[in-house]
Each structure stands twice: as structure tokens, then as C-alpha cells.
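Have the sequence and the coordinates open while reading.

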Amino acid sequence: MTATAASVLTFAAGFGGAAHAQSKGSLKSTHGTGFCNLNLFLAHSLQMAKEDGLEIQFINTPTFAEQVTFLGMGQVDLGLMPYTSFVALHNAGAPVKIIAGGGVEGCAIVSRPGLTTPASLKGKTLGTFQLDTLEVMPYDYLKKHGISFKDVKVRYMGNTPEAVEAFKAGAIDWICTIEPYATALVNDVPGATMLSNGRDIYGAGYTDCVLATRASLIKENPAALKAVIKSMMKAQLMAETQQEEVLKRLIGTYYKTSMANGQIAMSKQPAVVDARSQTDFILGRTDSLLEMGYIKTKPGRDAIDWTLLEQVIAENAALYGQLKHKSA
């Protein structure tokens with residue numbers, strides 16, 4: 001999941017009781033480009049949180065790096081980001097916590113024509129993003145097949161469009177990217193091979209990105225954060241039940257791909273708000289980050305706080321009951 005924009009979440013008055021006063025003002029958030037961001041994109045397109053006094057606005061930021069550093073430096077209040085980036089922020093001492101899910105699966109390793117086995121990747125150039133799930137996945141893929149990450153060349157890209165164009169032009173030999181871009185590359189580049197969709201490494205339903213926030217905001221403005229989570233849950237339901245309408249709204253504006261690729265991508269990377277079942281998976285991936293030298297200590301269970309998510313689920317039981325993808 002690579003970042004290309006930050007979003008400003010502006011709250012109008014009106015959350016009920018004492019929460020009304022707390023909910024005035026605004027929250028700022030970063031987001032990425034993959035289908036794991038679909039719930040946030042759709043909530044913005046339809047302004048789904050207006051009934052709770054929430055208006056969502058997006059502003060551009062240059063590269064993936066801003067997505068991570070903005071939250072770590074307190075320049076934004078929350079962000080939809082790779083869980084690996086969150087772990088690195090947390091390890092560096094940033095006061096952040098995971099509060100909800102983003103999307104599951106949808107990460108893929110795609111290689112140029114002729115590169116059809118793990119061994120064929122030796123000495124070849126990988127296009128990826130530092131501290132991203134899209135860097136950890138190739139590391140884990142090579143490790144599974146007995147190949148050292150040092151046996152390949154790594155080129156860190158600025159954003160997803162740049163990486164996709166570099167692959168098409170032959171400037172990089174293989175890429176780890178997210179949907180809908182992985183499917184688009186396989187469909188658009190003759191002879192390209194999808195070496196892995198992540199399931200062979202992590203199993204079905206693995207998480208990609210998460211919604212993280214400043215830890216202090218959980219106590220300072222829980223109503224605002226709950227409104228964000230609720231709007232994403234409403235978006236998830238629409239995505240699961242009205243796929244064609246959702247894609248018509250998002251393709252072109254939020255996703256630079258075709259409707260055909262979008263339909264495939266949407267089925268491969270569903271956006272899922274309830275990520276409680278992914279707790280062990282998220283914390284378990286820190287082993288790779290340790291081996292790669294990105295962190296010195298593993299985060300504890302206290303890095304994740306599902307309290308607000310559980311409150312939203314309890315307060316919106318009818319909505320939650322209609323969702324297809326839920327925590328196991």
C-alpha cells in the first residue's frame with residue numbers, strides 16, 4: 001500500500017451529548033492507493049459520515065514516505081497504512097495504535113517475461129517500497145524458497161504509478177504491488193507472471209493495511225474516531241452488495257485502471273474493517289522486520305486497541321450483521 005495523498009477529516013457539530021463538543025474541529029489522515037483503501041475512498045465519494053457530522057476531504061502528498069512520517073510526527077491524526085510501517089513507527093517510539101482494519105490479501109509479486117521461478121529472480125531488480133508490506137512479502141517469498149534478499153537488487157520507488165510504469169518499461173524486473181495494479185500488469189504486459197498472491201506465503205485472509213491513530217486521540221476524541229470507523233463499515237457493506245455502482249464511482253478518479261481490472265481486483269483485495277482476527281498475524285510479521293534490521297524490539301499486544309471498533313460493532317449491530325467479511 002503506497003501513499004499518494006493525505007485526507008482531512010473535518011467534523012461539524014453533532015455527535016450526541018458530551019461528545020458533541022469533543023467532535024468539533026478536524027482530524028487529518030493519510031491513505032494509500034490500493035483496494036485496501038476502498039472503504040475510505042467510497043466514504044469520501046459519497047460523504048457517508050455526514051449523518052454523524054463528518055465531512056471527508058482529501059489533499060495530495062508527494063510520496064509513500066509522507067504517509068508514515070506524517071503520523072509519526074503528529075502532522076496527521078490517523079492513517080490507513082501497511083501494518084509493517086505501523087510497527088516501525090511504534091518501535092521508533094511514536095505514540096500510535098492500530099484501531100481498525102483496512103484490507104485483506106491483494107498483494108502480489110509480478111515478474112517480467114522469462115522470470116517464472118524464484119531462482120530466476122537472483123540478480124534481478126525488485127521494485128518496492130521501503131518498510132512496506134510490499135517489501136516484507138518479497139523477503140518472505142525468497143526466504144521460503146531458500147534465497148537471500150541479498151541475492152537480488154532492490155530499487156525503492158516513490159509511489160505506485162511510478163513503480164508500475166517502471167515495470168512496464170523494463171526498468172525493474174519484478175515488482176511487489178497491490179490490486180488493482182497487480183492484475184493490470186498481468187493483463188497488460190504480455191508474458192508477465194504472477195509469482196505469488198500472498199496466500200502461498202501467509203495463507204488465506206492475510207491482512208495488508210490497517211487504520212492507525214495517535215494513541216492520545218482514543219481518549220481525547222473517541223466519537224470522531226468511531227465516526228471514521230462507522231463510515232468505513234457502511235462503505236464496506238455497499239462494496240459487498242453493489243459492486244458495479246461502487247466501481248463506477250471509484251475507477252478513474254481513485255483508481256487508474258479499467259473496469260475489467262477493477263472487478264478482478266475488488267474480488268482479490270476486499271476492504272475489511274473488522275481486523276480483530278488478524279492480531280496474531282500482524283504481530284507475527286515483526287519477525288521479518290527484525291531480521292531486516294528495521295526494528296530492534298517487537299511490539300506488544302498493547303500496540304493494537306480494538307476498543308472503538310468493538311463499540312462501533314455493538315452500536316451498529318444491524319449494519320455489522322449484513323457484512324460478508326467479518327473477524328473470524
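The report covers a sheet, a helix packed on it, and a pair of helices.

## Basis

This is a predicted model; local features need pLDDT of at least 70, side-chain atom pairs count only at pLDDT 80 or more, and totals for chains, interfaces and linings use all residues. Residues are numbered from 1 along each chain as its sequence is written, and side-chain values use heavy atoms, with hydrogens and water left out.

Helices (H or I, at least four residues) and strands (E, at least two) are DSSP runs, numbered from the N terminus.

## The sheet

An open sheet of 5 strands runs in the order S8-S7-S9-S6-S10, with mixed pairing. Two strands pair if DSSP finds at least two bridges between them. S8 (153–156) and S10 (193–196) are the edge strands; each has a single partner, so one side of each lacks a neighbour in the sheet. Neighbouring strands are turned by 30° against each other on average, direction ignored.

S7 (residues 125–128) pairs with S8 in the parallel sense, over 4 bridges. Thr128 has Tyr156 of S8 as its bridge partner.

## Helix on the sheet

Helix H7 (residues 181–188) packs on the sheet. H7 touches S6 (107–111), S9 (174–178) and S10; contact means heavy atoms within 4.5 Å. The direction of H7 makes about 135° with that of S9. Axes are lines fitted to C-alpha atoms, for helices over the stretch in contact, and angles run from 0 to 180 degrees between N-to-C directions.

## Helix pair

The axes of H10 (residues 222–241) and H11 (residues 243–250) come within 5 Å and cross at roughly 115°. H10 and H11 are therefore roughly perpendicular (65 to 115 degrees). Met238, Ala239 and Thr241 of H10 meet Gln243, Glu245 and Val246 of H11.

Technical notes. Parallel < 35°, antiparallel > 145°, perpendicular 65-115°, else oblique.
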